[in-house]
Amino acid sequence: MFLIAAAALVLALTTAVALRLWRAHPPPQFRQLTFQRGTVFSARFAPDGKTIYYIAAEDASGPRLHSTTLARPELQRLDVPPANLVSISSTGELALLLKPQIVRFGFDRGILARWVPGSGAPREVLEDVEYADWSPDGSGLALVRTSSGRTRLEYPTGHVLYQTTGWLSDPRFSPDGTQIAFVQHPNPVEAAGTVMVTDLSGAARTLTPSWRYALGLAWAKHGAEVWFTAADANAAAANLVLRGVDLRGGQPRVIAQVGGNLAMQDVAPDGRVLLTEPNSTAGLAILKAGEAKARDASWFDQTFLGDLSADGKQVLFTVEGAAAGNASVVYLRKTDGSQPVRLGGGYGVALSPDGRWAISLSLTKGPLQPITFLPTGAGEPKSLDPGGVTATRIRWFPDGKRLLIAGLEPEHGLRLYVRSIDGGKPKAISPEGVRITGLALSRDGKFAAAGDERGLTTLYPVEGGDPLPVPQVEPDEVPLGFADDGALFVGRLRPVTVPVFRVDVRTRSRTQIATLVADVPGALGIVRAAVTPDGSTLAFNYVSVSSSLYVLEDAQ
């Protein structure tokens with residue numbers, strides 16, 4: 001009896017303490033600000049802390065600038081060309097990225113422009129900028145841009161504070177202007193990253209461990225913490241949580257979370273937080289010659305294209321997120337719509353010419369992970385040591401004995417390598433700084449096609465020699481595959497409608513062979529595609545996103 005009474009007393013005291021703490025620190029409250037169908041990509045508070053500018057895509061016209069207020073959340077679409085919003089100065093001047101491109105995980109490259117509301121057209125400042133943030137006094141902008149295979153944080157323009165062979169996102173000045181926080185992503189094709197901070201002399205420090213996904217960052221109102229949205233290594237893709245870390249680099253804490261994603265946008269001077277709750281889908285589709293519409297080949301809601309067999313009969317893909325048990329799982333599926341076969345873990349990136357093996361990479365487990373060969377039928381997996389190169393994309397040579405690897409060596413930017421499947425040291429065949437939105441290997445194994453540092457399609461001789469530009473391929477078009485006769489299939493990825501052309505490198509003729517269409521609600525664009533050597537079958541990845549804008553009150 002005494003034990004029961006004692007337990008009841010402890011419970012009562014605990015409840016009283018909890019209620020007192022709840023009253024002192026009530027749970028943060030979310031208030032929705034946008035209600036229209038579409039996607040909100042970025043948002044910032046104006047200096048008054050009440051007006052909000054944000055970028056939303058509601059139709060095929062692209063991402064457009066809107067404004068609203070906390071008191072009356074009615075949107076106003078502003079007369080500005082398609083752009084992404086990256087920062088607002090203390091004087092109310094906006095920094096925009098015009099003609100924004102989907103490079104990694106949203107619109108994150110464009111022409112930096114300055115615009116004062118009501119002043120006419122934005123004034124262009126600098127090309128190929130990925131992120132920017134105004135200094136607190138509005139006198140200058142910190143920039144992120146890529147050159148010579150390195151992504152650099154600059155302030156002032158041209159003065160490098162930090163650089164990486166991966167990529168950087170979300171640079172934000174501290175309230176006192178003495179430091180810049182940012183997210184460092186070591187792999188150029190992944191969102192895994194760590195939160196870092198640097199002073200204006202370039203003395204950088206790491207504040208957090210690595211996160212599986214880290215996107216969105218701002219400083220707390222008092223400047224003693226950096227707040228960011230990230231998912232830990234064991235989380236599903238759709239589980240980014242609002243977190244905070246102090247400048248001593250202590251244990252990050254959870255500030256707010258919901259059942260899905262949260263994406264940090266901004267913090268107002270009074271501590272209110274702007275967030276979006278994006279819901280993204282990566283879909284896979286197959287288009288056959290003679291068919292008017294592509295057939296859906298997705299498996300759950302996060303399906304990522306890896307490779308298409310040369311005969312067009314099989315497609316390799318990866319499923320991610322909660323449906324895959326919070327992991328990444330490689331599947332092989334016939335393009336006739338048959339049920340897929342689960343091959344193993346990781347990210348599926350390439351099929352062997354004979355169809356007996358699929359290559360899997362562990363992209364989120366850090367650098368220099370082994371390359372895994374998964375049998376597509378009976379057999380046991382094999383592994384190949386990385387050979388000092390972190391692979392991000394792979395294509396299998398037609399002879400079945402070598403691999404074309406897009407990867408990173410320590411202290412080197414992204415470039416192309418050739419390596420035997422039996423091992424040995426990878427041989428670099430391209431300069432640093434190649435872009436691999438599209439990557440193809442000729443049928444005779446003599447040339448690799450990828451974008452150069454400017455994004456222009458270039459042929460890299462496998463046996464050595466100078467890179468060969470392909471002037472008949474238009475800017476922003478990327479290689480999707482080679483025909484047996486050496487012609488190149490190309491397309492301008494990222495729009496929701498992508499014409500695919502067959503380009504004869506010798507005669508310079510261009511013939512359209514197909515049109516890829518992401519015909520789904522909220523489609524953002526087509527981000528990856530592959531085509532068989534005869535042009536009869538195409539596989540492509542599309543991304544669709546829906547999200548609304550919220551303000552978080554009483555965050556602490």
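Author: The backbone nitrogen of arginine 506 lies 2.9 Å from a polar atom of the side chain of aspartate 504. A polar contact is a pair of N or O atoms within 3.5 Å; within protein, one atom must be able to donate a hydrogen and the other to accept it, and residues adjacent in sequence count only if both atoms are side-chain atoms. This is a predicted model, in which local features need pLDDT of at least 70 and side-chain atom pairs count only at pLDDT 80 or more, while totals for chains, interfaces and linings use all residues. Residues are numbered from 1 along each chain as its sequence is written, and side-chain values use heavy atoms, with hydrogens and water left out.

Aspartate 504 belongs to the loop between strand E44 (497–503) and strand E45 (510–517). Strands (E, at least two residues) and helices (H or I, at least four) are DSSP runs, numbered from the N terminus. With a relative accessible area of 12%, aspartate 504 is buried; buried means under 20% relative accessible area, exposed over 50%, and partly exposed in between, with a 1.4 Å probe and protein chains only.

The charged end of arginine 510 sits over the ring of phenylalanine 501, 4.4 Å from the ring centre. The criterion is NZ of Lys or CZ of Arg within 6 Å of the ring centre and within 35 degrees of the ring normal. Arginine 402 likewise lies over the face of phenylalanine 397, at 4.1 Å from the ring centre.

At 17% relative accessibility, arginine 494 counts as buried. Lysine 99 also has a positive phi, near 50 degrees, but lysine 99 is exposed, with a relative accessible area of 62%. Lysine 99 is found in the loop between E7 and E8. Most residues other than glycine have a negative phi, and most peptide bonds are trans. The peptide bond from tyrosine 155 to proline 156 is cis, with omega near -10 degrees, and proline 156 is in the loop between strand E12 (150–154) and E13.

Next come the charged pairs. The whole structure holds 26 salt bridges, each a side-chain nitrogen of Lys or Arg within 4 Å of a carboxyl oxygen of Asp or Glu. In one of them, arginine 109 meets glutamate 130, with the closest N and O atoms 3.4 Å apart. This pair links distant parts of the chain, 21 residues apart: arginine 109 is in the loop between strand E7 (94–98) and strand E8 (110–115), and glutamate 130 in the loop between strand E9 (123–129) and strand E10 (131–134). Both arginine 109 and glutamate 130 are buried. Arginine 248 and aspartate 246 form another salt bridge (3.1 Å, N to O), and here arginine 248 is exposed, with a relative accessible area of 75%. Arg31, Asp270, Arg272 and Glu553 are linked in a network of salt bridges.

There is also an open sheet of 4 strands, in the order E1-E48-E23-E22, with antiparallel pairing. Strand E1 (29–32) and strand E22 (263–267) stand at the edges with a single partner strand each, so one side of each has no neighbour in the sheet. The twist averages 30 degrees from one strand to the next, with axes fitted as lines to C-alpha atoms (for helices over the stretch in contact) and angles running from 0 to 180 degrees between N-to-C directions. Strand E23 (residues 273–276) and strand E48 (residues 549–553) run antiparallel and are joined by 4 bridges; two strands pair if DSSP finds at least two bridges between them. Leucine 275 has tyrosine 550 in E48 as its bridge partner.

The search finds 6 aromatic pairs. Rings of Phe, Tyr and Trp (its six-membered ring) pair if their centres lie within 6.5 Å, and planes under 30 degrees apart count as stacked, over 60 as edge-to-face and the rest as tilted. Tyrosine 162 and phenylalanine 182 have ring centres 5.2 Å apart and planes at 45 degrees, so the pair is tilted. Both tyrosine 162 and phenylalanine 182 are buried.
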